[in-house]
Amino acid sequence: MEGGVTKPDKTEFTECWRTSWKKPYIMRLAFSAGIGGLLFGYDTGVISGALLYIRDDFKSVEKHTWLQETIVSTAVAGAIAGAAFGGWMNDKYGRKKSILLADVLFFIGAIIMAASVGPWMIILGRVFVGLGVGMASMTAPLYISEASPARIRGALVSTNGLLITGGQFLAYLINLAFTKAPGTWRWMLGVAAVPALVQFILMLSLPESPRWLYRHDKVKEARVILEKIYPENEVEEEMKALKSSVEAEKADEGSIGDGLFAKLRNIWGNDVVRRGLYAGITVQVAQQFVGINTVMYYSPTIVQQAGFASNKTALALSLITSGLNAVGSVVSMAFVDRFGRRRLMIISMFGIITCLVVLSVLFHEASSHAPLVSGVESVHFGGNATCQGFSRAPQPMSWNCMSCVSPSSNCAFCASGDSKYHPGACLAATDEIRAMCRGEKRTWYTKGCPSKFGFFTVMLLGMYIISYSPGMGTVPWIVNSEIYPLRYRGIGGGIAAVSNWVSNLIVSETFLTLTETLGSAGTFLLFAGFSTIGLIAIYFVVPETKGLQFEEVEKMLEKGFRPRLCCSNSSSSSSEKDEKTTMI
């Protein structure tokens with residue numbers, strides 16, 4: 001919210017709960033809007049498990065990597081359009097109506113996916129779901145931010161991040177619950193309609209954002225909401241701040257216009273908005289290019305590449321990483337208003353880069369030490385069962401499991417009956433031959449190979465999530481909810497959200513192709529390089545907004561920002577003030 005109200009010294013998690021206890025209406029607003037984050041998270045998590053069973057039901061999906069990537073990424077493409085449209089709709093019709101429309105789109109998409117008769121119908125449903133997710137992803141944190149006192153704004157916006165990770169965790173639980181049910185993936189995808197319906201019902205009883213109401217001359221309605229959010233002695237101060245802010249905006253709009261295209265034309269000529277977009281887009285793009293959604297969308301597949309062949313085992317181990325993601329969001333809520341947005345992101349990036357480099361090394365070692373292919377084992381199931389690529393290879397004795405399961409071979413590895421680490425058979429990847437392999441109590445590998453490094457790989461994935469979630473997982477959404485002037489907040493948040501989803505689309509649409517081309521080791525090393533670039537960009541263009549009123553953020557951006565290149569003995573609070581100097 002706006003404000004000239006003096007902020008307490010203690011701006012942290014306990015202050016959030018203390019304030020919410022006195023004013024439960026605040027938590028009701030935050031939780032109801034935050035279900036949009038739950039939808040976001042559920043869609044991210046559920047497709048990773050559902051894809052395993054969609055591949056089993058539709059052989060065209062199993063055979064074509066591009067079709068798997070398309071099923072995953074069409075939701076992201078829809079989210080790009082949803083975020084772009086949502087930015088305009090937020091400014092024109094309000095935050096509440098945008099959330100309600102997002103729920104309707106998500107509900108329709110979930111029903112279409114559950115009833116799909118072919119991959120094309122799944123893709124259509126994913127487009128609808130993506131439109132809803134895109135609108136919700138930028139509207140929910142904006143709504144929560146504008147209905148929150150400044151001293152606890154970061155913690156409350158973090159509830160949206162918590163519900164994103166909670167949605168991912170719920171998705172993996174649902175995936176596990178339906179592994180043995182008829183229709184498996186249909187239930188996994190169809191259940192997504194339930195939280196969308198719940199949020200739609202809850203939002204019907206909630207008000208519009210008080211800031212948006214005041215901006216549209218609904219002063220009395222805005223005051224009623226502020227009285228439910230703030231102590232009585234602070235309401236008048238907030239009303240004065242809102243009035244001052246809105247008058248300044250209207251004066252500004254008198255010279256530039258209040259239409260979408262007028263705002264777009266003037267964004268880059270406005271120092272405050274341009275600098276806000278530098279920061280907002282930087283953190284959103286960096287959030288995706290650390291590779292997080294390769295883990296979220298393809299987590300079970302990555303676990304299989306690490307050496308765990310069973311679908312159920314892959315889902316169970318993925319549940320651990322998802323649970324750690326949710327825990328990290330709680331950590332973010334506890335510390336984001338205490339240690340600051342910028343500091344959390346920088347620490348997070350150092351941890352991410354370290355984990356990605358070590359993961360790259362582990363996948364390289366696992367590939368180098370993959371079990372060899374035995375000619376004797378391969379003919380054990382009959383000459384017609386042996387992989388043709390192996391039989392015709394000029395040097396078949398040089399083949400190992402990784403050579404056998406490479407996409408170009410269209411084959412699978414049947415582990416030795418004595419030990420899965422001993423030389424095994426390279427066989428044609430058909431259902432009949434798979435049944436023969438499993439009939440002898442052997443393990444069938446199509447996406448990865450038996451590996452003694454598998455356990456350590458899953459541990460590193462967990463450490464990667466722990467590094468990511470408290471910082472880069474939640475903070476970019478907080479930064480984008482508070483760094484733009486009110487008159488540009490909808491469109492600014494929309495542009496940043498589009499940049500997030502475009503980056504997400506690039507990463508999700510290319511991940512499986514990258515692993516086929518560069519290998520898992522090369523792919524994770526590539527993301528480590530992207531993360532290093534992201535860390536540098538965050539350091540130079542993203543200012544600290546911890547505990548600042550929206551007007552203070554605007555004044556800071558007007559002056560500009562330059563990072564401190566060396567340490568000092570001054571307190572952190574003085575350092576933050578010193579950083580508000582001149583932007584490059």
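Predicted model: local features only at pLDDT ≥ 70, side-chain atom pairs only at ≥ 80, totals over all residues.
Buried here means under 20% relative accessible area, while exposed means over 50%.

Helix H9 covers residues 193-204, which makes 12 residues. Which residues of H9 are buried? They are Ala 193, Pro 195, Ala 196, Gln 199 and Met 203. Looking down the axis of H9, these buried residues fall within an arc of 165°, so they line one face of the helix. As for what the buried residues of H9 pack against, the partners are helix H2 (24-57), helix H5 (95-114), helix H6 (119-146) and helix H8 (184-190).

Is Ser 116 buried or exposed? With a relative accessible area of 1%, Ser 116 counts as buried. The side chain of Ser 116 reaches the backbone nitrogen of Ile 122 at 3.2 Å. Leaving aside residues up to four places away in sequence, Ser 116 touches Met 121, Ile 122, Trp 185 and Arg 186.

Now for the cysteines. A disulfide is a covalent bond between the sulfur atoms of two cysteines. How many disulfides does the structure hold? There are four. Counting the bonded cysteines along the chain, the pattern reads 1-4, 2-8, 3-6, 5-7. Cys 355, for its part, is buried, at 4% relative accessible area.

One of the disulfides joins Cys 387 to Cys 411, with 2.0 Å from S to S. The torsion about this S-S bond, between Cys 387 and Cys 411, is about 70°, so the disulfide is right-handed. Cys 387 sits in the loop between helix H18 (375-379) and helix H19 (388-392), whereas Cys 411 belongs to strand E1 (residues 411-414), so the pair ties together parts that are 24 residues apart in sequence. Both ends are tucked away: Cys 387 is buried at a relative accessible area of 0%, and Cys 411 is buried at 7%.

Another disulfide is formed by Cys 401 and Cys 449, whose sulfur atoms are 2.0 Å apart. Here the torsion about the S-S bond of Cys 401 and Cys 449 is about -95°, so this disulfide is left-handed. Cys 401 lies in helix H20 (residues 401-405) and Cys 449 in the loop between strand E3 (444-445) and helix H22 (454-473), so the pair ties together parts that are 48 residues apart in sequence. Cys 401 counts as buried at 0% relative accessibility, and Cys 449 does too at 4%.

Helix H20 also carries Cys 404. A disulfide joins Cys 404 to Cys 426, with an S to S distance of 2.2 Å. The link of Cys 404 and Cys 426 has 100° about its S-S bond and is right-handed. Cys 426 lies in strand E2 (residues 425-428), and the pair links distant parts of the chain, 22 residues apart. Cys 404 and Cys 426 are both buried.

Key: Residues numbered from 1 in each chain as written. Heavy atoms only, no water. Disulfide = S-S within 2.5 Å. Helix = DSSP H or I, 4+ residues; strand = E, 2+ residues; numbered from the N terminus. Buried < 20%, exposed > 50% of the residue type's maximum accessible area, 1.4 Å probe, protein only. Expected span 1.5 Å × (residues − 1). Arc of directions from axis to C-beta. Contact = heavy atoms within 4.5 Å. Polar contact = N/O pair within 3.5 Å; in protein donor to acceptor, adjacent residues only side chain to side chain.
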